Amino acid sequence: MKRALPVLALALVATPALAVPGGEIGSLQLGRYTCELPGDALGPRGDVRPAEDFAIIFGSRYEANDVRGTYLLTGDQVVFTSGPRKGERYHRLTQGFLRRQNADGSDGDLRCVIANRTNTFPDIPGAQ
């Protein structure tokens, strides 16, 4: 019995950790995300919403409307945890394409796509 405990302890250490609920923790691609609502066949292809735009500036930090905040990406779910977008949830469909989620968790109409795929933002101090 005394030998079984060290063997059991080694077996537990060697097993991989289980995935976090919601998926692996990650970060969004750096850059500016521009947001719009869908247009229609008779008008422009999208109804641009600059007040909804934001920039991922580094790691899990973003800036919107000249105020910074943080977000959490787990799997394909983005939750803004502080700052001007606090509480908003987005579904990441691809690397640079997000949809804001409705209260019930379904995808809403607002879509945000990456417009600038670099990590240089001359108008954001400290984000270069």
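**View 1. Tyr33 and Phe54 form a stacked ring pair.** Tyr33 and Phe54 are both buried (buried: under 20% relative accessible area, exposed over 50%, partly exposed in between, with a 1.4 Å probe and protein chains only). This is a predicted model: local features need pLDDT of at least 70, side-chain atom pairs count only at pLDDT 80 or more, and totals for chains, interfaces and linings use all residues. Residues are numbered from 1 along each chain as its sequence is written, and side-chain values use heavy atoms, with hydrogens and water left out.

Rings of Phe, Tyr and Trp (its six-membered ring) pair if their centres lie within 6.5 Å; planes under 30 degrees apart count as stacked, over 60 as edge-to-face and the rest as tilted. By this rule there are six aromatic pairs. The ring centres of Tyr33 and Phe54 are 5.1 Å apart and the planes meet at 10°, so this pair is stacked. Tyr33 sits in strand 2 (residues 31-38) and Phe54 in strand 4 (residues 54-58), so the pair links distant parts of the chain, 21 residues apart. Helices (H or I, at least four residues) and strands (E, at least two) are DSSP runs, numbered from the N terminus. Ring pairs join Tyr33, Phe54, Tyr62, Tyr71, Phe80 and Tyr90 into a cluster.

**View 2. Arg85 is a buried loop residue.** Arg85 lies in the loop between strand 7 (77-80) and strand 8 (89-94). Its relative accessible area is 5%. The Arg85 side chain reaches the backbone oxygen of Asp53 at 3.2 Å. Contact means heavy atoms within 4.5 Å. Leaving aside neighbours within four places in sequence, Arg85 is in contact with Ala51, Glu52, Asp53, Phe54, Tyr62, Ala64, Asn65, Phe80 and Tyr90.

**View 3. One disulfide joins Cys35 to Cys112.** The S to S distance is 2.0 Å (a disulfide is a pair of cysteine sulfur atoms within 2.5 Å). The link of Cys35 and Cys112 is right-handed, with 110° about the S-S bond. The pair links distant parts of the chain: Cys35 in strand 2 and Cys112 in strand 10 (residues 107-116), 77 residues apart. Cys35 is buried at 1% relative accessible area. Cys112 is buried at 0%.

**View 4. The largest nonpolar core has 16 residues.** A nonpolar core is a set of buried Ala, Val, Leu, Ile, Met, Phe, Trp, Tyr and Cys residues joined through side-chain atoms within 4.5 Å. Those with the most contacts inside this core are Leu28, Tyr33, Phe54, Tyr71, Val78, Leu98 and Cys112. Two or more core residues come from each of strand 2, strand 4, strand 5 (61-64), strand 6 (67-74), strand 7 and strand 10. Strand 10 gives the largest share, three residues. Not counting residues up to four places away in sequence, Val78 touches Leu28, Tyr71, Leu72, Leu73, Glu88, Arg89, Tyr90 and Leu98.

**View 5. Gly46 is buried in strand 3 (residues 46-48).** Its relative accessible area is 12%. Gly46 touches Glu36, Leu37, Pro38, Gly39 and Arg111, not counting residues up to four places away in sequence. Gly46 and Leu110 are 64 residues apart in sequence and 9.9 Å apart in space, C-alpha to C-alpha.

**View 6. Residues 7-18 have pLDDT under 50.** pLDDT is the predictor's confidence in each residue, from 0 to 100. For residues 7-18 the model has zero contacts beyond four places in sequence. The protein chain has a mean pLDDT of 82, and 74% of its residues reach 70 or more.

Definitions and conventions. A polar contact is a pair of N or O atoms within 3.5 Å; within protein, one must be able to donate a hydrogen and the other to accept it, and residues adjacent in sequence count only if both atoms are side-chain atoms.
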